[in-house]
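Subject: Structure handover

Hello,

Here is the structure we spoke about, with the sequence alongside.

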Amino acid sequence: MPARIRLLEVPYDSGCRDVRHGAGPPALVAAGAAQRLAHHGAVVDHGRVQLAAGPGPVVEAAAGTEVMRLVAQDVAAHAGHLPVVLAGNCGVTLGVVAGLRALAPERRVAVLWLDAHGDLQTPATSASGFFDGMSLAMTTGRCWQGLAASVPGYAPSPDDRTVLVGGHQLDEAERRLLDGPGPTWLTVADVRAGRAGSVLDGVLAHADAVHVHVDLDVHDTSLPPANSYAAPGGLTPDEVRATVLEAVTRLPLASATVASWDPTHDVDDRMRDAALGLLELLGTLAPAL
């Protein structure tokens, strides 16, 4: 029986549709995202998140959380599908994992978070106030608890089931957390030294399945950059795909998010093509649910 995939397009960046990172999901769909997922025989169903238009200015935290709610509801409404989400912002992953929990509260889903940034800032530590820079902190229950609790199925992702991969553009508070009691940190150097497997063994021993989150700025800027926040010192596309494979050979893939591509920063469609290659890999890893 072929795998069934729910390709969910979430074209929002900070609550604004089809701009900056929000332009990435529709551009990937237009470039053949569904066909890449289906390349090895999976059946792909395509959906799209639509925020209700309202009067007045967009409040980033409120709009971002509403997107999470809509994503959680869509995931929960499509039992029997592997959710693969194309997102403008990283916070969408909170909604994906919440939707999985709404379907199966007893299932222990590890979060593999590939990102140039820690996304572990909080309102107390952020110098920018950028809501999406707090998305992993929110996912792990460190901030915005009231907003997070409004997402159907939400529960904090435990640190022993959370690993940041490739983070290299971090502030001091994030580094202290990762060096101490926080999520596991699999650095670029760890990946290149062949330590991914042993590190993932420790994290995935606490889980039954894995969500793969890839902020495309985890790639080195030589690719070229995925967005305006990208920084030198990241992973290659081969290293990203190999790390995903290291995880999924250990546990079944529960869901995936591919996020934060701003097409205006691409050169010769190289980042786009890296994202499409990653989607094709995810299609091969989709279990028959």
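The largest cavity holds about 90 Å³ of space. Please keep in mind that this is a predicted model. The structure has three cavities of 30 Å³ or more.

Lining the largest cavity are Tyr 12, Ser 14, Gly 15, Gly 64, Val 67, Met 68, Asn 89, Gly 91, Val 92, Phe 131 and Asp 132. By class, that lining has five nonpolar residues, five polar and one charged. Helix H3 (residues 60-76) supplies the largest share of the lining, three residues.

H3 also packs against helix H4 (residues 92-103), with the axes 7 Å apart and at an angle of about 35°. H3 and H4 cross in a right-handed sense. On the H3 side, the contact is made by Val 67, Met 68, Val 71, Ala 72, Val 75 and Ala 76. H4 contributes Val 92, Leu 94, Gly 95, Val 96, Ala 98, Gly 99, Leu 100, Ala 102 and Leu 103. The residues in this contact divide into 13 nonpolar, two polar and no charged. Val 67, Met 68 and Val 92 take part in this contact, and they are also among the residues that line the largest cavity.

Next, the open space. The largest pocket has a volume of about 330 Å³. It is lined by 21 residues, and those closest to its centre are His 117, Asp 119, Phe 130, Gly 133 and Tyr 229. Its lining is made up of five nonpolar, nine polar and seven charged residues.

The other packing contacts involve helix H10 (residues 237-248). Which helices does H10 meet? One partner is helix H11 (residues 270-285), and another is helix H9 (residues 196-204).

For H10 and H11, the axes come within 10 Å and cross at roughly 20°. The two helices are therefore roughly parallel. H10 passes H11 in a right-handed crossing. From H10, the residues in contact are Pro 237, Val 240, Arg 241, Val 244, Leu 245 and Val 248. From H11, they are Ala 274, Gly 277, Leu 278, Leu 281, Leu 282 and Leu 285. By class, this contact has 10 nonpolar residues, one polar and one charged.

For H9 and H10, the axes also come within 10 Å, and the crossing angle is roughly 40°. H9 and H10 are therefore oblique to each other. Their crossing is right-handed. H9 uses Ala 196, Gly 197, Leu 200 and Leu 204 to meet Thr 243, Glu 246 and Ala 247 of H10. The contact has four nonpolar, two polar and one charged residues.

To recap the spaces, the largest pocket has about 330 Å³, and the largest cavity has about 90 Å³.

Regards

Conventions: Residues are numbered from 1 along each chain as its sequence is written. This is a predicted model: local features need pLDDT of at least 70, side-chain atom pairs count only at pLDDT 80 or more; totals for chains, interfaces and linings use all residues. Side-chain values use heavy atoms; hydrogens and water are left out. On a 1 Å grid over the protein atoms alone, a cavity is a set of points where a 1.4 Å probe fits but cannot get out, and a pocket is an open set with protein on both sides within 12 Å along at least five of seven lines; lining residues have an atom within 4 Å of a point. Grid points are joined across faces, edges and corners, and a volume is the space filled by probe spheres set on the points. Ala, Val, Leu, Ile, Met, Phe, Trp, Tyr, Cys and Pro count as nonpolar, Asp, Glu, Lys and Arg as charged, and the others, Gly among them, as polar. Axes are lines fitted to C-alpha atoms, for helices over the stretch in contact, and angles run from 0 to 180 degrees between N-to-C directions. Helices (H or I, at least four residues) and strands (E, at least two) are DSSP runs, numbered from the N terminus. Angles under 35 degrees count as roughly parallel, over 145 as roughly antiparallel, 65 to 115 as roughly perpendicular and the rest as oblique. A crossing is left-handed if the near helix is turned anticlockwise from the far one by less than a right angle, and right-handed if clockwise. Contact means heavy atoms within 4.5 Å.
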